[in-house]
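Could you walk me through this structure in the viewer? I would like to know what to select next and what to look for at each stop.

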Amino acid sequence: MEALNAHLRPAPVAILDCATAPDDWHARFDCVKRSYRYVIVNRRAPLTLDAGQAWRVTRPLDESRMHEAAQALVGRHDFTTFRSAHCQADSPVRTLDRLDVAREGERVRIIAEARSFLHHQVRSITGCLALVGQGDWAVDQLGKALAARDRAALGLNAPPDGLYFIAADYG
């Protein structure tokens with residue numbers, strides 16, 4: 001652990017614990033659940049300390065509408081609409097176990113959990129949820145975009161600022 005931390009300096013990253021893994025263990029393929037958080041700062045004032053670490057959305061967001069719309073994506077679906085054109089996955093079918101939207105002051109947090117995700121899937125979903133939250137899309141429009149199975153039905157792709165990989169579960 002100390003040796004790894006010595007090589008990471010001065011990056012703002014620290015190893016807190018480590019262990020020896022079996023020779024046949026694979027960090028990507030042995031993972032049974034991944035969790036992402038996307039942070040939106042919902043205010044008109046520019047970001048200062050959060051610059052580069054959150055997406056600032058200046059129009060008011062209704063997080064209740066966003067959460068309601070998000071539930072249409074929970075479950076096993078073809079997520080072609082929410083998949084990057086550069087995605088290399090063999091299939092666009094994924095099972096989204098959790099998609100929650102909650103507000104804490106001016107922060108709107110989106111939590112997504114699944115065994116695996118497509119390239120840009122969380123950012124694409126977040127962008128469309130913002131359209132719902134701003135009232136540009138009806139609550140049922142997210143489900144319609146999913147059913148279209150067409151990238152052209154995507155309303156908005158959120159920027160990478162604000163996206164965090166927060167957990168990997170190995171069972």
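Here is a short tour that goes from the core to the strands, then a helix, then some backbone details. Keep in mind that this is a predicted model.

**Stop 1: the core.** Start by selecting Ile-40, Leu-73, Phe-82, Leu-96 and Leu-129, the residues with the most contacts inside the largest nonpolar core, which has 35 residues. Elements that each supply at least two residues of this core include strand 1 (33-42), helix 2 (63-70), strand 4 (93-104) and helix 4 (141-148). The largest share, 7 residues, comes from helix 3.

**Stop 2: Leu-96.** Now centre on Leu-96 and show its surroundings. Leaving aside residues up to four places away in sequence, Leu-96 touches Leu-73, Val-74, Gly-75, Phe-79, Ala-112, Glu-113, Ala-114, Phe-117 and Ile-125. One of these contacts, Ala-114, stands opposite Leu-96 in strand 5.

**Stop 3: the strands.** Next, display strands 3, 4 and 5 as a cartoon. Strand 4 pairs with strand 5 in the antiparallel sense over 8 bridges, and strand 3 (residues 75-78) pairs with strand 4, also antiparallel, over 4 bridges. Then move to the hairpin of strand 4 and strand 5, with 2 residues between the strands, where Gly-105 takes a positive phi near 65 degrees.

**Stop 4: helix 3.** Select residues 121-134, which form helix 3. Is this helix largely enclosed or open? Of its 14 residues, 13 are buried, so the rest of the structure largely encloses helix 3.

**Stop 5: the end of helix 3.** Step on to Gly-135, which follows helix 3 and has a positive phi near 90 degrees. Gly-135 lies in the loop between helix 3 and helix 4 and is partly exposed, at 47% relative accessibility. From the C-alpha atom of Gly-135 to that of Leu-118, 17 residues away along the chain, the separation is 27 Å.

**Stop 6: backbone details.** Two non-glycine residues are worth a click. His-120 has a positive phi of about 70 degrees and is found in the loop between strand 5 and helix 3. Arg-149 has a positive phi of about 50 degrees; this residue is in the loop between helix 4 and strand 6 (163-169). His-120 is partly exposed at 24%, whereas Arg-149 counts as exposed at 53%.

Finish at Arg-9 and Pro-10, joined by a cis peptide bond with omega about 5 degrees. Pro-10 sits in the loop between helix 1 (2-8) and strand 1.

Technical notes. Residues are numbered from 1 along each chain as its sequence is written. This is a predicted model: local features need pLDDT of at least 70, side-chain atom pairs count only at pLDDT 80 or more; totals for chains, interfaces and linings use all residues. Side-chain values use heavy atoms; hydrogens and water are left out. A nonpolar core is a set of buried Ala, Val, Leu, Ile, Met, Phe, Trp, Tyr and Cys residues joined through side-chain atoms within 4.5 Å. Buried means under 20% relative accessible area, exposed over 50%, partly exposed in between (1.4 Å probe, protein chains only). Contact means heavy atoms within 4.5 Å. Two strands pair if DSSP finds at least two bridges between them.
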